[in-house]
Amino acid sequence: MKKILMTIAAVLCCAMTTTVFTSCGGDDDSSTPAQPKIVAYQVDYSLEFPKETTQSTGVFGNVYLLCDKIEVGYIDENGLEQREVVNNGKWSKSVTYKNSLDGYLKIYLTKPSNLDIESLPYDRYTNSVTSTPTAMLQGITAIYNNGTKESGTVSNINIGQPTSSIAIAASKLQAYFDSVFRTEVSVLSIKFQL
């Protein structure tokens, strides 16, 4: 009888050991899912030239809107600069980049050929322009390898908006266009690496 009890105890011990090893082995198969990786960025560019701007010193017109032609230069998905004409003071474009980007938005201006200072509606003019993407990442969407998209939470993007503000009296606009006016203005720079 003692021999039978010892055999039963040995069998039970082996059964319990097998159960323990089997349940431990299952933990190795349930590894954590891989984190999705960014495979592209969609950048929603936009420029807007307001007709007038209210400032603490009064109402200003927009010096850019006096130009005969406004074009915007941007970097396309192949890393090449493209130019498009700005109509009615607004422009927008969405571009998807699958590699790193070291890009910009530039304004290319054609100065007015016939500027009638006497008929201008404002006493003062400024170079007001709003653009996206912004430093707060508005206008940038990360696209992941699992198909999901996420806006505004990407950390490896550097955005700069180097345009400096000017204020010109209407009576001095002709001198501004003749001597100080720049035909190429950098509005925004953007850089990221996938």
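**Reading salt bridges, a sheet and a core**

Mentor: The structure holds six salt bridges, and since this is a predicted model, we shall read each of its features as a property of that model.

Trainee: Is Glu71 buried or exposed?

Mentor: Buried means under 20% relative accessible area, and Glu71, at 15%, is therefore buried, whereas Arg83 counts as partly exposed at 45%.

Trainee: Which parts of the chain does the salt bridge between Asp178 and Lys111 tie together?

Mentor: The closest N and O atoms of Asp178 and Lys111 are 3.6 Å apart. Asp178 lies in helix H2 and Lys111 in the loop between S7 and strand S8, so this pair ties together parts that are 67 residues apart in sequence. Salt bridges that share partners also join Glu71, Glu81 and Arg83 into one network.

Trainee: In what order do the strands of the open sheet stand?

Mentor: Strands of a sheet pair through backbone hydrogen bonds, either parallel or antiparallel. In this structure the open sheet has five strands in the order S5-S4-S7-S14-S12, with antiparallel pairing. Strands S5 and S12 stand at the edges with a single partner strand each, so one side of each is left without a neighbour in the sheet. From one strand to the next, the twist averages 15 degrees.

Trainee: How many bridges join S7 to S14, and how many join S12 to S14?

Mentor: Eight bridges join S7 to S14, and Leu105 has Leu188 in S14 as its bridge partner. Four bridges join S12 to S14, where Asn158 is partnered by Lys191 of S14.

Trainee: How many residues does the largest nonpolar core have?

Mentor: That core has 44 residues, and those with the most contacts inside it include Tyr64 and Ile107. Leaving aside neighbours within four places in sequence, Ile107 is in contact with several residues, among them Leu47, Tyr64, Ile70 and Val187.

Notes
Residues are numbered from 1 along each chain as its sequence is written. This is a predicted model: local features need pLDDT of at least 70, side-chain atom pairs count only at pLDDT 80 or more; totals for chains, interfaces and linings use all residues. Side-chain values use heavy atoms; hydrogens and water are left out. A nonpolar core is a set of buried Ala, Val, Leu, Ile, Met, Phe, Trp, Tyr and Cys residues joined through side-chain atoms within 4.5 Å. Buried means under 20% relative accessible area, exposed over 50%, partly exposed in between (1.4 Å probe, protein chains only). Contact means heavy atoms within 4.5 Å. Two strands pair if DSSP finds at least two bridges between them. Helices (H or I, at least four residues) and strands (E, at least two) are DSSP runs, numbered from the N terminus. Axes are lines fitted to C-alpha atoms, for helices over the stretch in contact, and angles run from 0 to 180 degrees between N-to-C directions. A salt bridge is a side-chain nitrogen of Lys or Arg within 4 Å of a carboxyl oxygen of Asp or Glu.
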